[in-house]
Amino acid sequence: MHYAQHLEIQDKQLLKTLSYVNGQWLDSDKKVSVINPANGCEIAKVSNLGDHETAIAIKYAKAAWPIWSLKPAHERAQLLRAWFNLMMEHQDDLACLLTKEQGKPLNEAKGEIAYGASYIEWFAEEGKRVYGDIIPAPSDEKRLIVLKEPVGVVTAITPWNFPNAMIARKAAAALAAGCTFVVRPAIQTPLSALAMAELADRAGIPAGVFNVIVGDDAPSMGKVLTQHPEVAKFTFTGSTEIGKKLIAQCATTVKKVSMELGGDAPFIVFDDADVEAAVQGAIQSKYRNAGQTCVCTNRIYVQQNILQEFTDKYLLAVKELTIGNGMEEGVTIGPLISAEAVSKVDKLVKDSIDMGATLLVGGQVDKAGGNFYQPTVLSEVTNDMPIVQNEIFGPISPIIAFDSEEDAILMANDTEYGLAAYFYARDIGRVWRVAAKLAYGMIGINEGIISNAAAPFGGVKQSGNGREGSKYGLDDYLETKYLCMGGLTS
Ligand code: NAP
């Protein structure tokens with residue numbers, strides 16, 4: 001059954017197909033198609049810009065910066081608040097666009113809009129609290145003062161898996177801090193970004209402050225965004241592989257950089273855990289967005305003496321998941337983003353089985369065909385298998401047995417990634433020990449969903465640097481300026 005009221009967006013002006021630069025909608029002769037991953041149909045043709053227009057957008061962002069940065073923080077806050085209000089007023093339409101271009105179930109898409117908007121609300125407030133410091137001076141004739149100032153023009157590249165929230169998390173902090181912003185969204189999902197631009201425009205955010213530039217040549221646009229001398233800071237969300245290249249590009253002009261990269265989240269279930277709660281937490285963390293989130297559970301470790309109980313209950317829960325077009329009511333697993341993603345996931349599953357894993361459920365492209373892959377569970381997986389060592393980005397749960405707490409921690413930390421980890425345990429000593437030893441930026445303890453605007457989101461190791469959200473989230477968009485005032489004795 002369809003969600004009838006969501007088949008079409010109500011406010012047609014939210015379906016934008018031109019880029020948004022300096023408060024104007026920018027067309028081009030070249031177009032690029034936006035395809036619905038659930039059915040392969042074209043949703044829209046979008047203007048396809050390149051490096052030249054990217055440099056123009058940066059120029060306008062630079063021109064807008066002095067006025068924006070000098071605006072009192074409470075005035076910036078009012079504009080951000082207006083943007084937040086409009087996003088929430090249009091939550092249903094924004095979610096509809098998002099599901100159509102990205103595939104996730106409509107309820108999840110609505111959740112993403114509220115989640116993205118919550119960062120705009122959060123930073124509207126937090127921007128008023130950019131405090132400096134006065135430091136006790138080493139001598140009476142001096143005063144030492146620290147000011148926090150916006151860095152300047154910020155550029156960003158964002159991925160397709162959260163087409164709204166990955167932009168909102170960055171733009172909210174940048175704008176609140178007094179920076180101007182140019183984002184290039186992933187080419188699969190530009191419509192959510194352009195709808196955000198339409199609402200920023202309606203909110204009265206001045207021309208040049210928030211710019212969205214769409215084009216299919218990511219490497220050449222990326223070069224401009226990372227190397228342009230007028231850009232002070234570059235922020236990226238995407239894979240570790242591309243993130244490394246972009247960091248190197250930023251080195252040429254020594255830009256401030258923050259990176260939200262890939263993950264390989266372990267989910268550990270100890271024998272003192274509430275098994276029912278662990279099953280629910282694992283399902284939420286693994287199967288949201290069909291397994292295509294950076295904090296998705298990638299591998300499940302279960303203590304040997306509760307392995308059977310956990311696996312039985314987990315399988316029952318996985319069999320309740322409903323695969324289909326995200327616009328249909330009751331669907332909990334949408335399509336993967338592309339045919340390439342399906343092939344990659346399928347190969348990881350087949351290779352695991354060849355290496356000795358046992359297939360408990362799923363394991364193939366769904367009968368619906370296209371980009372739909374069945375929710376899959378594998379047991380008797382070992383830590384050296386590619387499915388454990390790589391980010392799966394699909395609806396696959398590899399289950400690995402362990403004997404001792406030490407073994408679980410060793411295996412969980414045996415990765416180059418360090419974004420999110422989860423564990424379920426009741427013993428308070430164990431909870432503190434394990435939390436201290438897991439080398440991750442974020443840890444869910446008896447929780448499968450951990451991200452919110454009040455909390456610092458980010459990773460360690462090759463999962464990146466910098467934090468989004470929370471009181472720490474503004475730091476990435478601020479410079480520290482030290483004033484030493486001398487000659488103060490009479
Ligand atoms: P990706 O291949 O790294 O792409 C991400 C973005 O980078 C897209 O906009 C892409 O553009 C662009 N891009 C690709 N090659 C580029 C190049 N040479 N120069 C400049 N830009 C380039 O990642 P993905 O597979 O789309 O996204 C999933 C990844 O993002 C996963 O690894 C996931 O863990 C990570 N992620 C991390 C977080 C976090 O907060 N840590 C959150 C969400 C996702 P095109 O789409 O046009 O190719």
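Visitor: How many salt bridges does the count come to by this rule?
Guide: The count comes to 26 salt bridges. Keep in mind that this is a predicted model.

Visitor: How do you know that Asp11 and Arg202 form a salt bridge?
Guide: The cut-off is 4 Å between a side-chain nitrogen of Lys or Arg and a carboxyl oxygen of Asp or Glu. The closest N and O atoms of Asp11 and Arg202 are 2.8 Å apart. That is within 4 Å, so the pair counts as a salt bridge. Asp11 lies in the segment before strand E1 (19–21), and Arg202 lies in helix H6 (residues 190–203). The two are 191 residues apart, so this pair links distant parts of the chain.

Visitor: Why is Asp11 called buried, and what is Arg202 called?
Guide: Buried means under 20% relative accessible area. Asp11 has 18%, so Asp11 is buried. Arg202 has 34% relative accessibility. That value falls between 20% and 50%, so Arg202 counts as partly exposed.

Visitor: What makes Glu126 and Arg129 a salt bridge?
Guide: Their side chains meet at 4.0 Å, N to O. The rule asks for within 4 Å, so the pair is counted. Glu126 has a relative accessible area of 12%, which means buried. Arg129 has 39%, which means partly exposed.

Visitor: Which residues are linked in a network of salt bridges?
Guide: Asp271, Asp272, Glu405, Arg430 and Arg433 are linked in a network. One of the pairs is Glu405 with Arg430, whose closest N and O atoms are 3.0 Å apart. This pair also links distant parts of the chain. Glu405 is in helix H13 (residues 405–413) and Arg430 is in helix H14 (residues 428–437), 25 residues apart.

Visitor: Buried or exposed: what are Glu405 and Arg430?
Guide: Glu405 has a relative accessible area of 7%. Arg430 has 12%. Each value is under 20%, so Glu405 and Arg430 are buried.

Visitor: How do you know that strand E8 is mostly covered?
Guide: Five of the five residues in strand E8 (residues 180–184) are buried. Thr180, Val182 and Arg184 point one way, while Phe181 and Val183 point the other way.

Visitor: What makes strand E7 and E8 a pair?
Guide: The rule needs at least two bridges. Strand E7 (residues 153–157) and E8 are joined by five bridges, so they pair. They run parallel. Val154 stands opposite Phe181 in E8.

Visitor: Why are strands E5 and E20 called edge strands?
Guide: The open sheet has three strands in the order E5-E6-E20, with antiparallel pairing. Strand E5 (133–135) and strand E20 (478–485) each pair on one side only, so they are the edge strands. The twist averages 25° from one strand to the next. E5 and strand E6 (residues 143–150) are joined over three bridges. Ile135 stands opposite Leu144 in E6.

Visitor: How is the protein divided into domains?
Guide: Domain 1 covers 2–262 + 463–481, and domain 2 covers 265–416 + 420–452. Their contact takes 28 residues from domain 1 and 26 residues from domain 2. The domain centres are separated by 30 Å, taken over C-alpha atoms.

Visitor: Where does pLDDT stay under 50?
Guide: It stays under 50 over residues 1–6. Where pLDDT is low, the predicted coordinates should not be read in detail. The mean pLDDT of the protein is 97, and 99% of its residues reach 70 or more.

Conventions. Residues are numbered from 1 along each chain as its sequence is written. This is a predicted model: local features need pLDDT of at least 70, side-chain atom pairs count only at pLDDT 80 or more; totals for chains, interfaces and linings use all residues. Side-chain values use heavy atoms; hydrogens and water are left out. Helices (H or I, at least four residues) and strands (E, at least two) are DSSP runs, numbered from the N terminus. Axes are lines fitted to C-alpha atoms, for helices over the stretch in contact, and angles run from 0 to 180 degrees between N-to-C directions. pLDDT is the predictor's confidence in each residue, from 0 to 100. Contact means heavy atoms within 4.5 Å. Buried means under 20% relative accessible area, exposed over 50%, partly exposed in between (1.4 Å probe, protein chains only). Domain bounds come from an automatic or database domain assignment.
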